[in-house]
Amino acid sequence: MSSLGPLERHVALVGFMGAGKSTLAAAVALRVGRPFLDLDDEIERRTGSTIAVLFARGEAAFRQIEEDIVCEVLERLEPHVLALGGGAVLSERTRRTLRERATTVLLPVDAADAWRRVHGAGRPLAQDRDAFEQLHRERQPVYADVADATAHDADDVVLAAAGVLVERGALHRLGALVPGDGSTALLSDPHVAGIHGMDAQLALGKRLAQTLELPLGEEAKTLAALDRIWNDLRLDRTGTVVALGGGCTTDAAGFAAATYLRGIDWVPVPTSLVAQVDAAIGGKTAIDLPLGKNLVGAFHWPTRTVVDPALLETLPREQRLEGMAEVVKTALLAGEPLYELPDDELVRRCAAYKAAVCLRDPYDRADRKVLNLGHTFAHALETAAGYEGLTHGRAVALGLLAALRLSGRDIGQVEELLHPQLVKVDRDRAWEAMQRDKKTVGGELRLVLLEESGPAWDVPVPPAEVRRALDELIAK
Ligand SMILES: NC(=O)c1ccc[n+]([C@@H]2O[C@H](COP(=O)([O-])OP(=O)(O)OC[C@H]3O[C@@H](n4cnc5c(N)ncnc54)[C@H](O)[C@@H]3O)[C@@H](O)[C@H]2O)c1
Ligand SMILES: [Zn+2]
């Protein structure tokens, strides 16, 4: 692996003065659970002087101090969310250090808005309007050159921090979007390969070394399928696995990348709604065992995730419904009707919600557990159904009903959106599966519930209440 992955990088907000970098960086830091640092404040703290006083001694001297402090922060501190001064990126050394140590995100602002916000505040470079606009024009190409992404809100910054790009048509720029310059192996199932494989191959161009096919559906997530991939891969350690497909493809290809040569880079290009809002975000990869799903796997964060919502246009209706169950789950967690949004925005907002949770808790030790809302019930029903005739999406729709009831919430919205159908399974089998679930602590079930203050995890619920909620999901 060539360079630092998203989890090891700072997030550095750059842009002209008045863009609102500090406010946004502070908000993003809270969401992703990282410390926030404003570099102008840091310079003032370390020098014991104000930016205005330092600047008055000459811009060149100020820029030198700025470069030293910015580069030291980038090189020495654990990953932060940083707000850089508007001129910091003029330094070649700072730009180089940003490329090595940070995901750099441009927060654009037009000259008129910037002037309105900053003039009269005593900023040394915001005294004369013509000079200010001239400077604004001159800086644009420098920002564009150093930025890995452009952000218009906190979700955009969160996505950039996670290495996720959500952009209509991105598939056609895939060759340029896969980090590094090594070869790539393109993995997909035969169905997706038939629809979008050629576009992906063309976009990867000279970087494409091989294309490999995974079996359709959960068959991809078997040891037999992995055995074939491990043996067929011809990449060296500079290579990147590109996983084009639904969650089965991204889970299996991601696990292949996590293990092949002790781990090489990978880039998921999710094509199903499930994968765009869920499976391809957050770095969990896995295969199944006969004993149960996702029992062998690895945390392996992709170097980039390329989400092209246009790919959803070829997705069959029933697969879209599968994804809507996870969208509704995300909307309940976020407390916003994200399911009402048009596709591109729906995918961007849901992916950002999951990305923030996973950045906060990449190894699933604490609050990432909220993503299991409704899933303890869903898994129990799936097990009782023997995975026959009950899809994960249908099971999640029912699980959400149970979680809402136990949270004392109204279920009308979920019924209207997902039309959950009671399932015919053995009640005792479902209850047994529920108790065997790994979230049981000392016989007491711990669930994700929605509380006044937001989602809470590991909430103990008396077994009788859980059993009643489970029974309500099962047809008589
Ligand atoms: N790693 C995680 O965090 C995570 C999260 C959620 C789900 N998952 C896993 O994801 C898997 C389910 O993912 P899935 O529902 O995407 O299944 P899938 O990969 O089997 O895709 C579903 C079907 O849709 C087809 N398809 C995909 N994209 C298409 C497109 N654009 N046009 C036409 N057809 C398309 C596929 O060929 C397949 O037949 C499960 O194994 C689940 O465990 C993983
Ligand atoms: Zn799910």
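Which residues come nearest to ligand 1? Of the 27 residues around ligand 1, those are Glu218, Gly247, Thr271, Ser272 and Thr314, where a residue counts as near if one of its heavy atoms lies within 4 Å of the molecule. This is a predicted model, in which local features need pLDDT of at least 70 and side-chain atom pairs count only at pLDDT 80 or more, while totals for chains, interfaces and linings use all residues. Residues are numbered from 1 along each chain as its sequence is written, chains are lettered from A and ligands numbered from 1 in the order in which they are written, and side-chain values use heavy atoms, with hydrogens and water left out.

- The shell around ligand 1 consists of 9 nonpolar, 10 polar and 8 charged residues; Ala, Val, Leu, Ile, Met, Phe, Trp, Tyr, Cys and Pro count as nonpolar, Asp, Glu, Lys and Arg as charged, and the others, Gly among them, as polar.
- At least two residues of this shell come from each of helix 10 (190-204), helix 12 (247-259), helix 13 (273-279) and strand 12 (292-299); helices (H or I, at least four residues) and strands (E, at least two) are DSSP runs, numbered from the N terminus.
- Helix 10 gives the most to the shell, with 4 residues.

- A nitrogen atom of ligand 1 lies 2.8 Å from an N or O atom in the side chain of aspartate 251.
- On the backbone, an N or O atom of leucine 311 is 2.9 Å from a nitrogen atom of ligand 1.
- Taken alone, ligand 1 exposes 860 Å², of which the protein buries 88%; accessible areas come from the Shrake-Rupley method with a 1.4 Å probe.

- Glutamate 326 lies in helix 14 (residues 317-334) and histidine 392 in helix 17 (residues 392-406), so the pair ties together parts that are 66 residues apart in sequence.
- Glutamate 326 is buried, at 2% relative accessibility, whereas histidine 392 is partly exposed, at 25%; buried means under 20% relative accessible area, exposed over 50%, and partly exposed in between (1.4 Å probe, protein chains only).

How values were computed:
A polar contact is a pair of N or O atoms within 3.5 Å; within protein, one must be able to donate a hydrogen and the other to accept it, and residues adjacent in sequence count only if both atoms are side-chain atoms.
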